[in-house]
Amino acid sequence: MLGLVGLGLAGCGTRARSQAVAGQAVTGQAPAAGDGLGVLARSRGISFGTAVQGELLGRDPVYAAAVTAEAQLLVPEWEAKWDALQPREGEFDFGPLGIVASFAQAQRKQLRGHALVWHQAMPDWLAPALAEGPARARAVMAAHVEGVLGATQPVIRDWDVVNEVLANPPGSRFTEQTPARGIFRDTPWLRALGPDYIELALRLARERDRTLRLTLNDYGLEGDTPWAEQKRQAMLSLVRALLAARCPLDAVGLQAHLQVDEPFRPEPLAGFIQALRGMGLSVLITELDVREGANLPPGLEARDAVVAAYVQQVVGTALAAGCRTVLTWGLSDRDSWLLRDPDVVRRDGQQHRGHPLDAEFRRKAMWQALARSFAGG
Ligand code: XIL
């Protein structure tokens with residue numbers, strides 16, 4: 001009850017749930033000119049959404065209008081991460097998430113959750129607590145799952161329960177070469193509980209909320225490179241092991257933080273998605289954005305065309321293979337982590353143009369590429 005009050009949604013659970021179901025329905029109506037991506041996608045039975053920043057929803061009407069017009073499904077970029085929700089042990093703060101949830105409810109958007117268990121966005125107290133040993137780590141995880149799902153259950157029906165559990169194979173394009181234990185990323189969770197922490201999180205989530213969609217989310221799974229193939233195989237073996245242990249799991253999220261310099265071919269991605277679907281799982285694109293290449297073509301139009309062509313290949317392939325949900329990690333080039341985060345920002349003074357809208361919120365070639373992909377073209 002406390003959680004619902006905290007989210008500002010007390011008493012609205014039933015309504016929010018029935019809207020969420022309606023939001024998934026195929027309307028059968030031809031989309032009108034000027035419709036946003038969410039409407040275009042929905043007319044084909046696809047759910048399109050974006051990551052949002054609650055702070056911008058509150059103070060920037062242009063941003064809020066773009067989200068309203070383009071997306072059917074929202075995911076908080078930060079507000080549902082651990083450091084936002086439980087900054088001090090035992091003290092939950094649903095204020096920032098409540099802003100996003102209220103916006104979603106007012107605009108009749110679905111909301112997904114990101115991310116219950118992750119090695120980033122950990123508040124200062126968390127890693128030391130996990131280091132105290134397995135019993136303490138289990139208790140901390142159980143308390144977080146209980147506290148968060150207890151509060152968000154009426155409005156969030158799909159959570160990234162565990163995020164980025166796989167290690168980056170050696171030689172991958174990511175600067176981040178975190179140590180690995182087998183296929184797993186070495187994190188405070190892994191050190192405390194071994195790989196079983198993944199299963200534990202999924203089981204706790206299912207116990208707390210029987211009908212929640214449980215998603216395993218990760219990156220670097222899309223390209224046609226040896227290390228992306230290794231990571232796909234690692235994901236498949238993890239999923240197989242989880243299902244063999246009768247661990248609850250409903251979906252795999254492909255983050256799709258794409259890079260146009262990475263080779264792409266449809267077959268490896270399509271085969272991977274089909275393998276997951278063959279095991280009964282849904283596959284979502286959860287965080288689509290694009291980093292441009294080392295050598296930019298001259299002129300914005302040419303740059304945008306390269307990004308759009310890459311997106312259309314990847315998203316078109318995923319949709320053809322049965323993916324039914326696509327979220328971008330932000331809508332416009334203006335507000336993206338691609339402009340701020342030291343790991344992903346360009347070092348040549350240019351700014352990535354990896355979103356459907358430009359910095360002035362005008363639709364770009366990537367917007368058209370998504371629209372065409374949803375239309376099946
Ligand atoms: C990123 C946010 O966009 C940044 O603002 C923040 O500084 C770091 O996290 N994979 C994920 C997301 O699962 O949570 C990350 O979001 C981007 C990579």
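**Close-up views of a predicted model**

View 1. Glutamine 230 is 60 residues away from proline 170 in sequence, yet their C-alpha atoms are 9.8 Å apart in space.

**View 2. Helix α9 covers residues 134-152.** With 19 residues at 1.5 Å a residue, helix α9 should span 27 Å, and the 27 Å between its end C-alpha atoms therefore agrees with this expectation. Among the buried residues of α9 are Ala137, Val140, Met141, His144, Val145 and Val148. An α-helix has 3.6 residues a turn, so residues three or four places apart point the same way.

**View 3. The largest pocket holds about 920 Å³ of space.** This pocket is lined by 36 residues, of which Arg291, Trp337, Asp341, Asp343 and Val344 are the closest to its centre. Strands β10 (257-259) and β11 (282-291) each contribute at least two residues to the lining. Sorted by class, the lining comprises 16 charged, 10 polar and 10 nonpolar residues.

View 4. In the side chain of glutamate 77, an N or O atom lies 2.5 Å from an oxygen atom of the ligand. For asparagine 163, the distance from a side-chain N or O atom to a ligand oxygen atom is 3.0 Å. A nitrogen atom of the ligand lies 3.2 Å from an N or O atom in the side chain of glutamine 255.

How values were computed
Residues are numbered from 1 along each chain as its sequence is written. This is a predicted model: local features need pLDDT of at least 70, side-chain atom pairs count only at pLDDT 80 or more; totals for chains, interfaces and linings use all residues. Side-chain values use heavy atoms; hydrogens and water are left out. Helices (H or I, at least four residues) and strands (E, at least two) are DSSP runs, numbered from the N terminus. The expected span of a helix is 1.5 Å times one less than its number of residues. Buried means under 20% relative accessible area, exposed over 50%, partly exposed in between (1.4 Å probe, protein chains only). On a 1 Å grid over the protein atoms alone, a cavity is a set of points where a 1.4 Å probe fits but cannot get out, and a pocket is an open set with protein on both sides within 12 Å along at least five of seven lines; lining residues have an atom within 4 Å of a point. Grid points are joined across faces, edges and corners, and a volume is the space filled by probe spheres set on the points. Ala, Val, Leu, Ile, Met, Phe, Trp, Tyr, Cys and Pro count as nonpolar, Asp, Glu, Lys and Arg as charged, and the others, Gly among them, as polar. A polar contact is a pair of N or O atoms within 3.5 Å; within protein, one must be able to donate a hydrogen and the other to accept it, and residues adjacent in sequence count only if both atoms are side-chain atoms.
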